[in-house]
Amino acid sequence: MNNPYLSLAMPGVAQLQPYQPGKPLAELERELGITGATKLASNENPLGPSPQALVAAQQTLTTLGLYPDANGYQLKQALAAKHGVDTTQLTLGNGSNDVLDIIARIFLGPNRVAVYAEHAFIVYPIVIRAASATARIALAHTGQRGVRYGHDAQTLLAAVTPATRLLFIANPNNPTGTYLTQSELYALLQQVPPTVVVVVDEAYVEYVTAPDYPDASRWLAEFPNLVVTRTFSKAYGLAGLRVGYALSSIALADLFNRVRQPFNVNSVALAAATAALADAAHVAATVNLNTQERVMMTQALTALGLVVIPSVANFVCVDVGRPARPVFDALLRHGLITRPVAEYGLPQHLRISVGLPEQNQRLVAVLAEVLR
Ligand SMILES: *Cc1c(COP(=O)(O)O)cnc(C)c1O
């Protein structure tokens, strides 16, 4: 489109392309005239949310005429207890992406730089460009010193200059499923200048069972420039409600809450998230299923002769050995939605969310047929 307003927009906005979401199930079913399609494209919880979260959400419907609690009192109390932090260290967001955007708006602008790794979560470049700041991309591992495609703590640190205000780290990363170990991340935090705010995005933390994976929220007292973001969209199964949060020093949370829109988290989301947090058994069942099925998927895809990036999250990223887009399209015609990740610099990879056993088996069988 020849957009006459493009030249009037802030320079970063002019470079932005809209985010490409996973194809919605209903859209594919409409297009194919079918029902029962399978979506393994957006890393959602195949079990859905806790039944207790659904009850809480329903109970809130009688109060929809009222504004939500702008301060999210109940949810913040529950989160503070869970993490052993003060409620003043918490910032609630309309999904954790909202928090990422808030952070970018506070610290970035023209002539300011934010660093992230090659193949990192695409919301980082979006929020950086939306703030008209400069993105500096640290090369990922090539397979020599660490897992190929994974974040490289050394290149991340080397990319930091005096102009750097933010460093985004997805741990584990989407779409690769790779992670920085405890010793790598801790050493990085120690070496980053205190003038750089380090955002460790832990959207998939609940799924990780690797013993050398760090829960960075334990280091908040030690690093006042550290922000840890979490979400209810993934293991808690509440992606549709949009609720996430940041943990940080009180000083940073004070800034975040100045910029945050007062009613950014709606009342249904607040209630459902609070209830979801209390249902540890549902999260445990979710994680168990995922761990088992991720192993199955990885083995089955490897048996097809494909190379899978080792993942600790609820998805796998697989090299299909040819341009992935036509493979994605062929899977769509079979009613299977996956995620091509060319815009992440991975044109031969598909990201496949780990679903229910029968969904995963179908995916593997159809993929084998499509690739034959
Ligand atoms: C899915 C995801 C999020 C979560 O976004 P929400 O806005 O909380 O739904 C954040 N970071 C990464 C790396 C993700 O993959």
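A polar side-chain atom of Ser233 sits 2.6 Å from an oxygen atom of the ligand. The protein covers 94% of the 390 Å² of accessible area that the ligand has on its own. Keep in mind that this is a predicted model.

**Around the ligand**

Where does the ligand sit? The space it takes is the largest pocket. Which residues surround the ligand? The shell holds Gly95, Ser96, Asn97, Phe121, Asn174, Asp201, Ala203, Tyr204, Thr231, Ser233, Lys234 and Arg242. By type, three residues of this shell are nonpolar, six are polar and three are charged.

Thr231 uses its side chain, where an N or O atom is 2.5 Å from an oxygen atom of the ligand. The table sets these distances side by side.

| Residue | Part of the residue | Distance to a ligand oxygen atom |
|---|---|---|
| Thr231 | N or O atom in the side chain | 2.5 Å |
| Ser233 | polar side-chain atom | 2.6 Å |

**Asp152**

Now turn to Asp152. This residue lies in a loop. The loop runs between strand 4 (134-138) and helix 7 (153-159). Is Asp152 buried or exposed? Asp152 counts as buried, because its relative accessibility is 3% and the cut-off for buried is under 20%. What does the side chain of Asp152 contact? Its partner in a polar contact is the side chain of Arg145, at 2.5 Å.

Notes: Residues numbered from 1 in each chain as written. Predicted model: local features only at pLDDT ≥ 70, side-chain atom pairs only at ≥ 80, totals over all residues. Heavy atoms only, no water. Near = heavy atom within 4 Å. Polar contact = N/O pair within 3.5 Å; in protein donor to acceptor, adjacent residues only side chain to side chain. Areas by Shrake-Rupley, 256 points an atom, 1.4 Å probe, with all protein chains shown as cover. 1 Å grid on protein atoms, 1.4 Å probe; cavity = no way out; pocket = protein on both sides within 12 Å on 5 of 7 lines; lining within 4 Å. Sits in = over half its atoms within 2 Å of the grid points. Nonpolar A, V, L, I, M, F, W, Y, C, P; charged D, E, K, R; others polar. Helix = DSSP H or I, 4+ residues; strand = E, 2+ residues; numbered from the N terminus. Buried < 20%, exposed > 50% of the residue type's maximum accessible area, 1.4 Å probe, protein only.
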